[in-house]
Every structure is written in structure tokens, then in C-alpha cells.
Amino acid sequence: MQTYRSAAARPRRITAGLLVALLALPLPSLAAPFWGERQSSPVDTPLDDLAPGAWIWGGDDERGGPMAVVVSLTEQRAYVYRNGVLIGVSTISSGRPGYETPTGVFTVLQKDRDHRSNLYNDAPMPFQQRLTWDGIALHAGGLPGYPESHGCVHLPSAFARHLFDASNLGMTVVVAKAGEAPVALVHPGPASPIDPHTGADIDSPPLANGQPWAWALSPPSEGPISMILSRSDRLLVVYRNGIEIGRSRVELARPGEHGGTRAYIVEGATTAVSNITAPSTATAADTMPAMPSWIAIGVPGAEQHAGQRVPASVVNQVSLPDAFKARLLPLLVPGSVLVATDAPLSAQGSGEHLRVIDSVGPRSWLDEVDAARHQGGA
């Protein structure tokens with residue numbers, strides 16, 4: 001005689017079967033924690049005041065030239081440069097004793113936005129940028145204020161996302177610490193201490209006594225232009241495609257009137273003057289290319305200046321040698337950036353008030369451009 005199960009029993013058997021099947025499926029990954037501050041600190045924040053997890057990001061544009069990162073294990077900070085100019089800095093946590101982060105020159109081998117560790121219990125490593133195939137990478141992670149990782153460089157989550165979005169495969173990353181690298185790499189400044197293409201140390205000799213300016217003998221013929229003006233050094237440095245192509249002494253008409261980090265971007269193209277036949281012979285103001293128009297870029301802490309046009313009274317505060325301007329001004333096109341800072345460009349050791357700069361606007365940070373049109377010779 002055939003036995004029939006009740007209708008009420010059948011759903012229970014089906015439900016139990018589904019439960020077994022669901023338990024056999026892989027569990028979904030839990031969301032990664034969020035580490036560090038969610039917003040950038042103001043660009044003029046002294047770096048020693050950055051608490052663990054704090055960071056500065058001034059903005060970026062991938063068209064602005066090659067990017068490079070310098071990680072100072074000694075300072076427990078990472079510095080990001082675009083076209084020779086500092087655009088971001090962050091607190092980090094590197095490898096703990098026994099798992100020390102290796103030093104040297106690396107390139108980004110692989111990028112994975114949602115990476116999880118193959119070695120440490122599927123631990124989340126968001127915005128991973130792999131530096132070695134045996135497990136060393138930049139990624140978001142814990143930031144207790146001291147070396148605590150298993151060898152990777154931990155970054156705040158929001159900063160790691162900015163860096164991940166801005167960088168490319170092959171980006172140069174230099175990891176340095178005191179006793180194994182020059183001071184300029186251990187305590188980086190507003191200007192990049194490395195060649196972004198090779199990671200080699202840059203040794204830019206200062207101008208000799210009485211030498212007003214210098215220009216590269218064979219500068220790159222293509223690439224974006226970025227400039228840094230140090231008020232304390234009274235010096236303007238020009239970069240093209242990540243390489244320094246010139247530097248000049250400057251005179252500031254009212255040096256105490258402005259301070260902090262200010263940045264501008266060229267809005268209008270430079271108008272060339274036809275009777276300039278050679279830079280070495282063009283020294284009179286009436287044969288000089290016109291200064292382009294500038295607008296302010298907005299940076300963290302000075303967002304209110306974004307998009308403001310720079311008045312001539314500000315532009316004319318800085319004097320440059322005419323022969324130097326004759327080389328520089330024809331290179332300035334819409335998108336060229338100038339950043340003014342109070343910080344010296346040479347390495348000064350930990351604790352200096354560094355300034356961060358940007359390369360595309362309008363977002364605002366240069367409230368005052370001191371690479372201006374010089375009326376009459378220096």
C-alpha cells in the first residue's frame with residue numbers, strides 16, 4: 001500500500017533542502033572597514049599636526065604630468081607628486097618589527113579596488129596598488145600611529161581612493177628611511193626629490209652666488225608646465241613633464257602681504273610678440289610675450305577663492321629676470337599651474353610646514369601668483 005505524506009510536511013522538507021543548499025554557497029564578503037579621516041585637512045596644516053589617519057589632498061588631473069609617490073618610513077607619511085609638485089600627503093602605517101616594509105624604488109604592478117588578502121584570512125585591502133609580487137602594496141588599512149602592518153603601507157581609506165583613482169600602472173613609488181636614503185627623500189618637501197620616470201634621486205644644484213637664473217640645455221619639448229614659487233627662498237622652479245627645466249631668483253614687491261599656500265591656473269593663452277627672434281636677445285619689456293590671465297584654484301581650507309580672476313596688482317608683485325621670462329612665458333598655456341608657498345624647497349627635516357599644490361582648476365589655492373609680468377628688468 002502506498003503511503004502519502006501530508007501536504008503540511010512537504011514544505012518543511014523543501015525548506016530544509018533549500019537551507020542546506022544556501023549553506024553550501026560561499027558567504028558574501030563583509031564590507032571593508034573605513035579607516036582614517038573622511039575629509040582632507042587644510043593644505044596649510046603643519047604636517048606634525050596631522051593625527052594618525054589624517055591626510056591632505058589638493059586635487060589632481062591626470063593630464064597634469066607624471067605622478068610619483070615617496071613614502072618616508074621615518075616620518076610615517078606618504079607624499080604624492082604630480083609633475084614635480086606636491087599634491088597630497090598622508091599619515092601611514094608601515095610594517096611592524098619582523099615584517100618591515102622594504103625600502104627602494106618600486107613601480108605599481110597591479111591595481112585592485114576591492115582586493116582581499118591571500119595570506120591573512122581574506123582581510124580586506126581596499127584600493128590596493130601592488131609593489132611586489134610577494135605581498136607588498138599600498139592600500140587602505142589600520143592607522144594606529146606607528147608601524148603595525150605585515151609589510152604593506154596602510155593609508156586612510158579616502159586618501160587611498162584618491163590615489164588609486166589618480167595613479168596608473170607603472171607609477172614610481174620610492175620607500176625611504178633615515179640612514180638608507182638622502183635627507184630629501186626621508187623628509188620630502190614641496191618639490192619632488194625624485195625623477196618620476198625612474199625613481200632616481202634628483203640633485204638640483206642651487207644657483208651660484210650672483211647667478212640670477214638657469215635653464216636646462218636640452219629641456220623636454222612637450223608636456224605640461226608646473227611651477228613652484230618659494231617665498232622664503234625667493235625662488236621660482238619650473239617643471240615640464242616631471243623634469244625641472246629652469247629656476248630663477250625672484251623679487252617680491254610686498255613679501256609680507258600674502259602667505260600660506262596659494263595656487264593659480266592659466267586661463268588664457270600667452271600672446272607671443274613677433275619681434276622676439278631669440279630668447280637670449282629679448283630683454284626689453286616691449287619685446288616680451290604677454291603674461292596670460294590667471295584664475296585661482298580652490299584647495300582645502302581656501303575653497304572660497306575658486307575661480308576668482310587674479311588681478312594685475314597681484315600678478316605684478318613678483319619680478320623675474322627678462323631673459324628668464326622670455327623662455328618661460330611662451331610655454332604657458334591654459335592649464336599651466338603656479339603654486340606659491342612659504343616653505344623652502346630644500347629639505348629641512350621633519351616638522352616643517354609644507355604646502356600642497358594642485359594642477360587643475362578652477363578649485364582655488366594660489367591667492368597670489370608671484371610669477372608675474374616684470375616691468376623693466378631685474
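Predicted model: local features only at pLDDT ≥ 70, side-chain atom pairs only at ≥ 80, totals over all residues.

Tutor: Arg113 has a relative accessibility of 37%, and since buried means under 20% and exposed over 50%, it counts as partly exposed. What does its side chain meet? Arg113 and Asp165 come together in a salt bridge, with 2.8 Å from N to O. Arg113 belongs to strand E6 (residues 110-116) and Asp165 to helix H2 (residues 157-166), so this pair ties together parts that are 52 residues apart in sequence. Asp165 is likewise described as partly exposed, at 41% relative accessibility.

Now follow the strand end of that pair. E6 takes part in an open sheet of 4 strands, ordered E6-E7-E8-E9, with mixed pairing. E6 is an edge strand, as is strand E9 (153-155), and each of these pairs on one side only. From one strand to the next, the twist averages 25 degrees. Inside the sheet, strand E7 (residues 124-130) and strand E8 (residues 137-140) are antiparallel partners over 2 bridges. In that pairing, Arg130 stands opposite Ala137 of E8. Helix H2 packs on this sheet and touches E6, E7, E8 and E9; its direction makes about 35 degrees with that of E7.

The helix end of the pair deserves a look too. How many of the residues of H2 are buried? The count is 7 of 10, so H2 is mostly covered, taking buried as under 20% relative accessible area. The buried residues in H2 are Ser157, Ala158, Phe159, Ala160, Leu163, Phe164 and Ala166. Asp165, the salt-bridge partner of Arg113, is partly exposed.

The structure holds 9 salt bridges. One of them joins Arg309 to Glu267, whose closest N and O atoms are 2.5 Å apart. This pair also links distant parts of the chain, 42 residues apart: Arg309 sits in the loop between strand E17 (294-296) and helix H4 (312-315), and Glu267 in the loop between strand E16 (262-266) and E17. Arg309 has a relative accessible area of 55% and is exposed, while Glu267, at 35%, counts as partly exposed.

The loop that carries Arg309 also holds His305. Is His305 buried or exposed? With a relative accessible area of 15%, His305 is buried. Its side chain makes a polar contact of 3.4 Å with the side chain of Gln304.

Lys325 forms a salt bridge with Asp322, with the closest N and O atoms 3.6 Å apart. Lys325 and Asp322 are 3 residues apart in helix H5 (residues 322-328), so about one helical turn separates them. In general, an α-helix has 3.6 residues a turn, so residues three or four places apart point the same way. As for cover, Lys325 is buried at a relative accessible area of 1%, and Asp322 counts as buried at 8%. Elsewhere, Asp48, Glu75 and Arg77 are linked in a network of salt bridges.

Arg247 lies in strand E14, where it stands opposite Ala214. E13 and E14 make a hairpin with 2 residues between them, and Asn241 in its turn has a positive phi of about 55 degrees.

Finally, let us step back to the whole protein. Its secondary structure comes to 5 helices and 19 strands, and 51% of its 378 residues count as buried. Among contacts with a separation of 6 or more, residues 24 or more positions apart account for 69%. The protein exposes about 17,200 Å², with carbon and sulfur atoms supplying 54% of that area.

Key:
Residues numbered from 1 in each chain as written. Heavy atoms only, no water. Salt bridge = Lys/Arg side-chain N within 4 Å of Asp/Glu carboxyl O. Buried < 20%, exposed > 50% of the residue type's maximum accessible area, 1.4 Å probe, protein only. Pairing = 2+ DSSP bridges. Contact = heavy atoms within 4.5 Å. Areas by Shrake-Rupley, 256 points an atom, 1.4 Å probe, with all protein chains shown as cover. Axes fitted to C-alpha atoms, helices over the stretch in contact; angles between N-to-C directions. Polar contact = N/O pair within 3.5 Å; in protein donor to acceptor, adjacent residues only side chain to side chain.
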